[in-house]
Amino acid sequence: MTLAILLSGQGGQHPAMFDLTADRPESAPVFEAAKPLLGGRDPRDLAKAGEGLHGNRSGQILCCVSALAGWSVIAAAKPGRAIVAGYSIGDLAAWGVAGRFDPATVLRLAAARAEAMDAASGEGFALAGIRGIGLQALTGLARSHDGHLAIRNAPDSFVVGGRRDALERLCCAATERGAQRAVVLPVATPSHTPLLAVASARFRDLLAAVELHRPPPSAPRLLSGLDGAPVFDARTGLDKLARQISETIDWAACLEACGEYGADHVLELGPGHALATMAQAALPAARVHAFDAFRTVDGVLDWIGRG
């Protein structure tokens, strides 16, 4: 079995997001490391109460906690040959899963990343999801509405960033051009667009001062969430980790890379199941599940064991 581990971005946070890992001893250090970054609050309690689930800073921290807590129990089961890629903030968590950063470092960087993005963001910006038209048509529409391509999810599925009022007009124009779905998303940060270039520069400086770990031989192979390329040189990989804040993410390339690596099982770690849904379309021969969809951790481990 070759397992592709996909780490969620923001959007799928929910009050039950830690139900599977809340009482697992393997995950306890991850929850403990998050408390100082959340005003002393336990992330499990914060999620249960539905507090800060979708705030940019708290949301990025919680997404990383979810991914690392899930990985802690899977890693203990020694899943074997694996590859890991993360979507947006999940790209940072992937460095923890791959053994390059310890959990406390990942979470501290998640907080700093969000702060840098908030400082660089102005008022009135958003993201829009558009599906059902090709890249060339979408690029032309985005340019004519002062938008920027933020994410390529599939050949006909994209996220665009820009001013909210312009994105609303862009969605109308995309629908007229035959788009199956074109909606402004409930997001106020124009992530993965040049509008956040200052945040990329600030985060790059922070990454330069962080201690890197040598990954153990059993660690999953790390893919860059920016373009799906394997991360062999840490300096190049860290540069991409900073650049993805303000440059287009090619998530479709990440899924293609998982297929080229021979992934026949795919597991999404983190809140929600959006990446699992995309993986089912991109890797139809693979067995795909979201961690969130299981009732117990033992069920997840059994599924991996039977692979």
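A crossing of two helices is left-handed if the near helix is turned anticlockwise from the far one by less than a right angle, and right-handed if clockwise. Keep that in mind as you look at this predicted model, where local features need pLDDT of at least 70, side-chain atom pairs count only at pLDDT 80 or more, and totals for chains, interfaces and linings use all residues. Residues are numbered from 1 along each chain as its sequence is written, and side-chain values use heavy atoms, leaving out hydrogens and water.

**Two packed helices**
- Helix α4 (residues 89-97) and helix α5 (residues 103-120) pack at about 160°, with axes 9 Å apart; helices here are DSSP runs (H or I, at least four residues), and strands are E runs of at least two, numbered from the N terminus.
- Axes are lines fitted to C-alpha atoms, for helices over the stretch in contact, and angles run from 0 to 180 degrees between N-to-C directions.
- That makes α4 roughly antiparallel to α5 (angles over 145 degrees).
- The crossing of α4 and α5 is right-handed.
- In α4, Ile-89, Leu-92, Ala-93 and Gly-96 meet Val-106, Leu-109, Ala-110 and Arg-113 of α5.

**Ile-133**
- You can find Ile-133 in the loop between β3 (125-131) and α6 (135-144).
- Ile-133 is buried, with a relative accessible area of 7% (buried means under 20%, with a 1.4 Å probe and protein chains only).
- Ser-157 is 24 residues from Ile-133 in sequence, yet their C-alpha atoms are 7.4 Å apart.

**His-265**
- His-265 sits in strand β9 (residues 265-269).
- His-265 is buried too, at a relative accessible area of 4%.
- Beyond four places in sequence, His-265 touches residues including Met-1, Trp-303 and Gly-307 (contact means heavy atoms within 4.5 Å).

Note on methods:
Buried means under 20% relative accessible area, exposed over 50%, partly exposed in between (1.4 Å probe, protein chains only). Angles under 35 degrees count as roughly parallel, over 145 as roughly antiparallel, 65 to 115 as roughly perpendicular and the rest as oblique.
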